[in-house]
Amino acid sequence: AYVISFIPVRSAGANRKPRINLTLTRSRKGGGRGGIYLSEGPIDGRGRRWRLLGLVILLPILGLRHGFLGPFQRPKPSQGAGLQFQKWDFNRRERSQASLTQVNYLSILSLSRHVAAQYACTLLSYALQKNGAGPDFLARIKQLEAHLSLGRKLFRLGNSANALEAAKRAIHLSDIVLRFCITVSHLNRAMYFACDNILWAGKSGLVPHMDQEKWSQRSFRYYLFALIMNLSRDAYEIRLLMERETNAKTQKGSCRNGRSGPVDNHGFQQLALKLKLQLALLAQVLRNNPPLLLDVMKNACDIFIPLDKLGLYKSSSGFVGLCGLTSSILSILTILHPWLKLKP
């Protein structure tokens, strides 16, 4: 705990100029309180300027370090000769966890911006090539895209450990289908990040004699498996919500389901009506669950990237850039608004 006190002390002489003292003490196990004390006292003009400058420099640093530069309450007069602020207690572990969370938030946001910029360059290169831009300008755009890709791989160093930790947490889920899909997805993401890190080492020159094409194919293969698991999880979530909506409508005794009697003899019309009702129910479920909708859109856009890189479904670079840019924008939305992220 720290205490900030403003203690006015009377000057020893009438002609002596006031000063401001700054004292920082830490609490010890054996006894006294720690604190920062500001007081008035006699000093000449030059010393006062230097002490004021030190005060202006040290207070923001100490405030950021120890967390007491917040909205202070109005000081109340005490029984002594001075004015004293209230004592501010805080938990250092919670503060460190909050700072780590903020650093993680900023790193993920920077990574998403790099990915968005990379696929924006891909889309721009495709559009300029279609419009007949100069080869020098196209080469610069492609070089910028390559640098952004390398920077993105640099930001992903260490993400394999985060994916493994997420897989360990997903093992304890009660739903067996969600447990399988999320755990396998995180394991594939961990392998994808590991291959991506090795690929970054090869492209940056740390491992010069490395088959980059082989490691690139491996990384995109693991990425495709992770996206398939994510889409399977989304389909399972959608099925559960649709069943819940259907049961709720059945319990309400809605007579809307009984209006399909006249078309019993027409199998095709009955099938079309059922399909129309299922699509309407799907649209209602996705409209009422924005996190699920964004996750479906993001995974659906992402899956075209490894399909194109692996040669399973070839598409133009412009379409790949558009899908990657859309997915990156959706990722940025989930970072800026955490309630849009699908949980668990």
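Predicted model: local features only at pLDDT ≥ 70, side-chain atom pairs only at ≥ 80, totals over all residues.
## Helices α6 and α7

Two packed helices are described by the angle between their axes and the distance between the axes. Take helix α6, residues 212-251, and helix α7, residues 267-288. Their axes come within 10 Å. They cross at roughly 110°. Angles of 65 to 115 degrees count as roughly perpendicular, so α6 and α7 are roughly perpendicular to each other.

Which residues make the contact? From α6 come Ile238, Leu241, Met242, Glu245, Thr246 and Lys249. From α7 come Gln278, Leu281, Leu282, Gln284, Val285, Leu286 and Asn288. Sorted by class, this contact has 7 nonpolar, 4 polar and 2 charged residues.

## Asn188 in helix α5

Asn188 sits in helix α5, which covers residues 176-203. Is Asn188 buried or exposed? Its relative accessible area is 11%. Buried means under 20%, so Asn188 is buried.

What does Asn188 touch, leaving out residues up to four places away in sequence? The answer is Tyr222, Phe225 and Ala226.

## The annotated segment

An unreviewed UniProt entry annotates residues 319-340 as "transmembrane region". In the model, this span is 82% helix and 0% strand. The C-alpha atoms at the ends of residues 319-340 lie 25 Å apart.

How values were computed:
Residues numbered from 1 in each chain as written. Heavy atoms only, no water. Axes fitted to C-alpha atoms, helices over the stretch in contact; angles between N-to-C directions. Helix = DSSP H or I, 4+ residues; strand = E, 2+ residues; numbered from the N terminus. Parallel < 35°, antiparallel > 145°, perpendicular 65-115°, else oblique. Contact = heavy atoms within 4.5 Å. Nonpolar A, V, L, I, M, F, W, Y, C, P; charged D, E, K, R; others polar. UniProt positions renumbered as here; feature names shortened; annotations may be inferred. Buried < 20%, exposed > 50% of the residue type's maximum accessible area, 1.4 Å probe, protein only.
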